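This report describes a protein chain from its overall fold to selected side-chain contacts. Please consult the sequence and the structure shown here while reading.

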Amino acid sequence: MDWQNLALNINDHCYRLAVFNRTTSRVDDFINGPAKDTQIIGTHSIEDFVSRVNALEEQGIIYMGTGISGGEEGAGHYVKMVHNGIEYGDMQLICEAYQFMRECLSLDVDAIADIFSRWNEGKLNSYLIEITSHILRVKDSDVQPLVDKILDTTGQKGTGNGRPLIHWS
């Protein structure tokens, strides 16, 4: 989870923080898992979170709103922008790795999916690597890889919304 990595990074740089997620089991899993033995505080309600933030402010500790999806006060827009930039860079690298394996190494789609699956078991473990291995295994009704039928182009409708064009052969 992106918010978990951000929280661990902040903790690693000697800052105390409280985390909140409306799905309290995610907070509990995080506090008892990756955040075990850290100074990260888990909260189960927005009221608990706000009271902890207020108590910290009284001690001169500054609240840094980094909600991943924004929120009513605009918190997190910068964090989300940075996150998206990193994610788009990761997606570009995944595409280039796929293209290299397909065109230069002449691997078939299933072999490439296997490679992405192995990568996901090691240091490259991530959501994007995992779903890439799954997506590459999707077949069309003619049992051919669906990825081979998607054109490398986008279309515009004048609204700024790009959409992939799919070619069905």
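The sections below treat the fold, the surface, the aromatic residues, the salt bridges and the cysteines in turn.

## Overall fold

The model is predicted. The protein chain holds six helices and four strands, and their order along the sequence is α-β-α-β-α-α-α-α-β-β. Of its 169 residues, 24% count as buried.

Contacts between residues at least 6 apart in sequence were also examined in the protein chain, and 29% of these join residues at least 24 apart.

## Surface

The protein chain has an accessible surface of about 12100 Å², and carbon and sulfur atoms account for 54% of this area. Met 81, Val 82 and Ile 86 together make a nonpolar surface patch of about 280 Å². Of these residues, Met 81 belongs to helix α4, which spans residues 77–104.

## Aromatic pair and its surroundings

The structure contains one aromatic pair. Because the two residues are three apart in helix α5 (residues 109–120), about one helical turn separates Phe 116 from Trp 119.

## Salt bridges

Five salt bridges are present in the structure. One of them joins Arg 102 to Asp 148, with 2.9 Å between the closest N and O atoms. This pair connects distant parts of the chain, since Arg 102 lies in helix α4 and Asp 148 in the loop between α6 and β3, 46 residues apart. Arg 102 is partly exposed at 28% relative accessible area, and Asp 148 is likewise partly exposed at 41%.

Another salt bridge links Arg 137 with Asp 114, the closest N and O atoms being 2.8 Å apart. Arg 137 lies in the loop between α6 and β3 and Asp 114 in helix α5, so this pair ties together parts that are 23 residues apart in sequence. Arg 137 is partly exposed, with a relative accessible area of 33%, and Asp 114 is partly exposed at 34%.

Asp 140 forms a salt bridge with Lys 149, with the closest N and O atoms 2.8 Å apart. These two residues, together with Asp 142, are linked in a network of salt bridges. Lys 149 counts as buried at 5% relative accessibility.

## The loop between α6 and β3

Leu 146 is a further residue of the loop between α6 and β3, the strand β3 covering residues 150–155. Its relative accessible area of 23% makes Leu 146 partly exposed. Leu 146 and Val 109 are 37 residues apart in sequence, and their C-alpha atoms are 9.7 Å apart in space.

## Cysteines

How many disulfides does the structure contain? The count is zero. Among the cysteines, Cys 14 is exposed, with a relative accessibility of 74%, while Cys 95 is partly exposed, with a relative accessible area of 47%.

Technical notes
Residues numbered from 1 in each chain as written. Predicted model: local features only at pLDDT ≥ 70, side-chain atom pairs only at ≥ 80, totals over all residues. Heavy atoms only, no water. Buried < 20%, exposed > 50% of the residue type's maximum accessible area, 1.4 Å probe, protein only. Contact = heavy atoms within 4.5 Å. Areas by Shrake-Rupley, 256 points an atom, 1.4 Å probe, with all protein chains shown as cover. Patch = residues over 30% accessible without salt bridge, like charges linked within 9 Å, V, L, I, M, F, W, Y side chains within 5 Å. Salt bridge = Lys/Arg side-chain N within 4 Å of Asp/Glu carboxyl O. Disulfide = S-S within 2.5 Å. Phe/Tyr/Trp six-rings, centres within 6.5 Å; stacked < 30°, edge-to-face > 60°.
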